[in-house]
Amino acid sequence: MIKGIKGVKDILPDQIDRWLLIENSARRYARLYGFREIRLPIFEVTDLFARSIGATTDIVEKEMYTFADRDGTSLTLRPEGTAGAVRSYIEHNLGASPLPQKLFYLGPMFRHERPQAGRLRQFHQFGVELLGVAAPEADAEVLSLLWRFFHALSLPGLTLELNTLGETEDRPRYKKVLRDFLETKKSAICANCQRRLETNPLRVLDCKVPGCREATADAPSIIDHISPRAREHFEEVKAGLSAVNIPFSLNPRLVRGLDYYTSTTFEVTCTHLGAQNAVGAGGRYDGLVEVLGGGPTPAIGFAVGLERIALLLPGDLVPQPSPSLYVAGFGRDGTRAAYPLLDSLRQAGVEATCDYRSTTLKAHLRQADRLHCSHTLIIGDDEATKGMAILRNMVSKVQEEIPFSSLVNDVAARLLKV
Ligand code: ATP
Ligand code: MG
């Protein structure tokens with residue numbers, strides 16, 4: 001038997017209502033905040049991700065699904081959505097339209113990681129990107145959307161963590177201060193971090209190894225090493241959140257794993273998720289459009305992981321399946337009469353099904369129960385002769401007779417009103 005790939009999951013029909021709820025909520029909230037959907041390709045040239053995400057990040061170092069096209073071009077399954085969105089923004093000159101351009105996307109992402117609960121190799125993200133506006137109000141708007149979206153789904157135990165990385169020009173100064181500090185802790189940090197110390201010292205703050213967290217507990221804070229302008233921006237973002245009562249907590253260690261972030265960074269964590277506790281994250285990436293060949297364009301965005309939301313979603317929020325009808329036609333005339341009625345009912349918007357193999361009423365009713373249909377329409381030879389069908393409520397077992405002449409309207413009225 002051929003099995004699915006490790007870390008790549010099927011989403012089975014029983015889970016679909018949960019997923020639709022999340023996806024519909026994402027679309028609804030994105031639109032409420034003025035974002036428009038963009039659908040981007042699932043694969044791009046490798047260089048796009050290597051250039052934007054950064055060579056020393058986990059994603060580019062070890063998580064990308066990269067393969068050679070038939071002509072030798074290196075292609076990669078997208079590990080995240082921002083790079084593709086920015087490529088598209090530049091390629092289609094979206095910056096010529098009114099700014100900000102507010103885009104959102106939903107879809108699968110691919111990373112070669114060690115699969116575990118809430119960590120897959122194919123997973124799904126909802127993400128937004130706001131391009132062309134540097135004002136702190138834009139940060140607050142994106143953060144509000146993120147928070148309100150989670151709130152609408154009643155996800156428990158969430159915290160919005162906030163930090164700033166300052167401007168690009170602040171980075172080398174802080175890197176030096178941090179590197180000097182880390183040199184004094186070199187023997188206490190993990191081998192990975194010893195390497196990061198040289199290549200990307202900020203990432204040491206991001207390391208989950210307890211020894212590294214301990215060693216860096218009193219590391220110099222980035223906030224003390226950024227320009228007054230960057231600090232003021234951050235103050236205004238915080239004020240913007242407070243003005244609409246969005247709670248947040250400051251986390252000076254929050255550096256995020258991708259190179260393109262500047263200024264405001266954030267992550268929403270959940271106390272109910274164990275080790276994989278981030279449900280969403282993002283930040284400003286004011287330099288990325290230029291890195292990818294566009295004009296100077298400030299931008300900010302986030303991405304949330306839909307699998308982790310699905311794990312957290314309270315079950316009672318997931319809608320019950322809508323009432324559905326099983327049409328039980330049996331006997332020669334009954335079967336013949338049931339067929340066009342089934343078609344008319346479907347055209348009237350009633351979700352209806354049947355089983356062509358069943359030939360007795362008993363077999364039909366058993367099948368209707370198995371399919372969890374709320375009602376069964378019974379049409380045997382007698383009913384066909386009389387021009388009447390019997391509508392049976394499968395829960396209360398109450399039955400009523402309905403003439404064929406008004407059947408579509410009557411059944412639709414009973415099933416669709418709920
Ligand atoms: P983590 O620290 O969990 O590895 P990350 O920083 O790599 O997360 P981002 O690139 O910021 O994650 O992606 C945004 C969100 O996408 C995460 O907060 C998470 O909810 C989700 N996500 C990331 N990687 C995976 C994965 N392999 N499987 C499922 N969800 C994921
Ligand atoms: Mg990761």
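## Close-up views of a predicted model

View 1. Zoom in on β12 (residues 325–329) and you'll find it running parallel to β13, with two bridges between the strands. Tyr326 is the residue that sits opposite Thr353 in β13.

**View 2**

**View 3. The eight-stranded open sheet.** Here the strand order is β1-β5-β6-β11-β10-β9-β7-β8, again with mixed pairing. β1 (36–37) and β8 are the edge strands with a single partner each, so one side of each has no neighbour in the sheet. Helix α1 (residues 13–32) packs on this sheet and touches β1, β5 and β6. The direction of α1 makes about 160° with that of β5. Elsewhere in the sheet, strand β10 (residues 278–284) and strand β11 (residues 299–305) run antiparallel and are joined by five bridges. Look for Arg284 here: its bridge partner in β11 is Ile300.

**View 4. Strand β7 and its two neighbours.** How many of the seven residues of strand β7 (residues 158–164) are buried? Six of them are, so the strand is largely enclosed by the rest of the structure. On one pairing, β7 runs antiparallel to strand β9 (residues 262–270), with seven bridges joining them. On the other, β7 runs parallel to strand β8 (residues 249–250), and two bridges join that pair.

View 5. The structure has seven aromatic pairs. In the one shown, the ring centres of Phe126 and Phe149 are 5.1 Å apart and the planes stand at 70°, so this counts as an edge-to-face pair. Phe126 belongs to strand β6 (residues 122–131) and Phe149 to helix α5 (residues 136–152), so the contact ties together parts that are 23 residues apart in sequence. Both Phe126 and Phe149 are buried.

View 6. The whole structure holds 24 salt bridges. One of them joins Glu44 to Arg87, with the closest N and O atoms 2.7 Å apart. Glu44 is in strand β2 (residues 43–45) and Arg87 in helix α4 (residues 82–91), so to speak a link between distant parts of the chain, 43 residues apart. Buried or exposed? Both Glu44 and Arg87 are buried.

View 7. Arg196 and Asp58 form a salt bridge whose closest N and O atoms are 4.0 Å apart. This one links distant parts of the chain, with Arg196 in helix α7 (residues 191–199) and Asp58 in helix α3 (residues 58–63), 138 residues apart. Arg196 has 10% relative accessibility, so it counts as buried. Asp58, at 22%, counts as partly exposed. Widen the view and you get a network of salt bridges linking Asp58, Lys62, Arg196, Arg203 and Asp206.

**View 8. Helix α5 meets strand β5 through charge.** The side chains of Glu141 and Lys102 form a salt bridge, 3.1 Å from N to O. Glu141 lies in helix α5 and Lys102 in strand β5 (residues 101–110), so the bridge ties together parts that are 39 residues apart in sequence. Glu141 is partly exposed, at 27% relative accessible area, while Lys102 is buried, at 15%.

**View 9. Two domains, seen together.** The domain assignment gives domain 1 (13–169 + 227–317) and domain 2 (325–415). How far apart do the C-alpha centres of domain 1 and domain 2 lie? The answer is 49 Å.

Terms used
Residues are numbered from 1 along each chain as its sequence is written. Chains are lettered from A and ligands numbered from 1 in the order in which they are written. This is a predicted model: local features need pLDDT of at least 70, side-chain atom pairs count only at pLDDT 80 or more; totals for chains, interfaces and linings use all residues. Side-chain values use heavy atoms; hydrogens and water are left out. Two strands pair if DSSP finds at least two bridges between them. Helices (H or I, at least four residues) and strands (E, at least two) are DSSP runs, numbered from the N terminus. Rings of Phe, Tyr and Trp (its six-membered ring) pair if their centres lie within 6.5 Å; planes under 30 degrees apart count as stacked, over 60 as edge-to-face and the rest as tilted. Buried means under 20% relative accessible area, exposed over 50%, partly exposed in between (1.4 Å probe, protein chains only). Domain bounds come from an automatic or database domain assignment. Contact means heavy atoms within 4.5 Å. Axes are lines fitted to C-alpha atoms, for helices over the stretch in contact, and angles run from 0 to 180 degrees between N-to-C directions.
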